[in-house]
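Subject: Structure for you to look at

Hello,

Here is the structure I said I would pass on. Please open it first, then read the notes below with the model beside you.

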Amino acid sequence: LLLRLLQRETDNRYSTKTLVNAMNSISGTYVDKNYYMFDYYDEVVENLGKATNIDFSKRFMTLGEIKNIISQTKK
């Protein structure tokens with residue numbers, strides 16, 4: 001159901017398989033002193049960010065920023 005909602009929010013531009021692959025590719029690598037680097041970004045991820053109000057274009061984030069995003073998505 002959530003996947004179908006994301007598909008709808010992205011104007012049905014992407015298949016569910018494409019959305020799942022993009023979401024699986026979004027990951028943060030610990031760099032140093034609570035900083036994480038996100039090294040995957042493409043058009044699908046950009047549109048997922050617009051649909052969810054999450055800025056995936058940020059290459060580096062602190063653990064606090066990541067926790068804040070997670071808490072915002074639970075509201």
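Lys50 and Glu46 form a salt bridge, with 3.5 Å between the closest N and O atoms. The two residues are four apart in helix 3, so about one helical turn separates them. Lys50 has a relative accessible area of 57% and is exposed, because the cut-off for that class is over 50%. Glu46, at 32% relative accessibility, counts as partly exposed. Please keep in mind that this is a predicted model.

How many salt bridges does the structure hold? There are three. Another of them joins Arg13 to Asp11, where the closest N and O atoms are 3.4 Å apart. Arg13 is partly exposed at 46% relative accessibility, while Asp11 is exposed at 55%. The side chains of Lys58 and Glu65 also meet in a salt bridge, at 2.5 Å from N to O. Lys58 is partly exposed, with 32% relative accessibility, and Glu65 is partly exposed too, with a relative accessible area of 29%.

Glu65 comes up again in a pair of positions. Its C-alpha atom is separated by 9.6 Å from that of Tyr35, although Tyr35 and Glu65 are 30 residues apart along the chain. Tyr35 lies in strand 2, which covers residues 35-38. With a relative accessible area of 41%, Tyr35 is partly exposed.

Now the overall layout. The protein chain has four helices and three strands. The C-alpha trace spans about 40 × 25 × 15 Å along its principal axes. What share of the 75 residues counts as buried? The value is 21%.

Next, the backbone. Most residues other than glycine have a negative phi, and most peptide bonds are trans. Two residues are worth a look with that in mind. Asp11, already mentioned for its salt bridge with Arg13, has a phi near 55°, which is positive although the residue is not glycine. Where is Asp11 found? Asp11 sits in the loop between helix 1 and helix 2, the latter being residues 16-25. Asn34 also has a positive phi without being glycine, with a value near 65°. Asn34 is placed in the loop between strand 1 (28-32) and strand 2. The relative accessible area of Asn34 is 42%, so Asn34 is partly exposed.

On the aromatic side, the structure holds one aromatic pair. The pair is edge-to-face because the ring planes of Tyr30 and Tyr36 stand at 70°, and the ring centres are 5.4 Å apart. The cut-off used here for edge-to-face is a plane angle over 60 degrees. A pair of aromatic rings is described by the distance of the centres and the angle of the planes. Tyr30 has 46% relative accessibility, so it counts as partly exposed.

Then there is the empty space. Rolling a probe the size of a water molecule over the atoms shows where empty space is left. The largest pocket has a volume of about 300 Å³. Helix 1 and helix 3 (43-52) are the elements that give two or more residues to its lining. Which of the elements gives the most? Helix 1 does, with four residues. The residues that line the pocket include Leu2, Leu5, Leu6 and Glu9. Among the others in the lining are Met23, Ile26, Leu48, Ala51 and Phe56.

Together with Leu1 they make a nonpolar surface patch of about 380 Å². Leu1 is placed in the segment before helix 1 (2-9). Is Leu1 buried or exposed? Leu1 has 82% relative accessibility, so it counts as exposed.

Regards

Definitions and conventions
Residues numbered from 1 in each chain as written. Predicted model: local features only at pLDDT ≥ 70, side-chain atom pairs only at ≥ 80, totals over all residues. Heavy atoms only, no water. Patch = residues over 30% accessible without salt bridge, like charges linked within 9 Å, V, L, I, M, F, W, Y side chains within 5 Å. Areas by Shrake-Rupley, 256 points an atom, 1.4 Å probe, with all protein chains shown as cover. Salt bridge = Lys/Arg side-chain N within 4 Å of Asp/Glu carboxyl O. Buried < 20%, exposed > 50% of the residue type's maximum accessible area, 1.4 Å probe, protein only. Phe/Tyr/Trp six-rings, centres within 6.5 Å; stacked < 30°, edge-to-face > 60°. 1 Å grid on protein atoms, 1.4 Å probe; cavity = no way out; pocket = protein on both sides within 12 Å on 5 of 7 lines; lining within 4 Å. Points joined across faces, edges and corners; volume = space filled by probe spheres on them.
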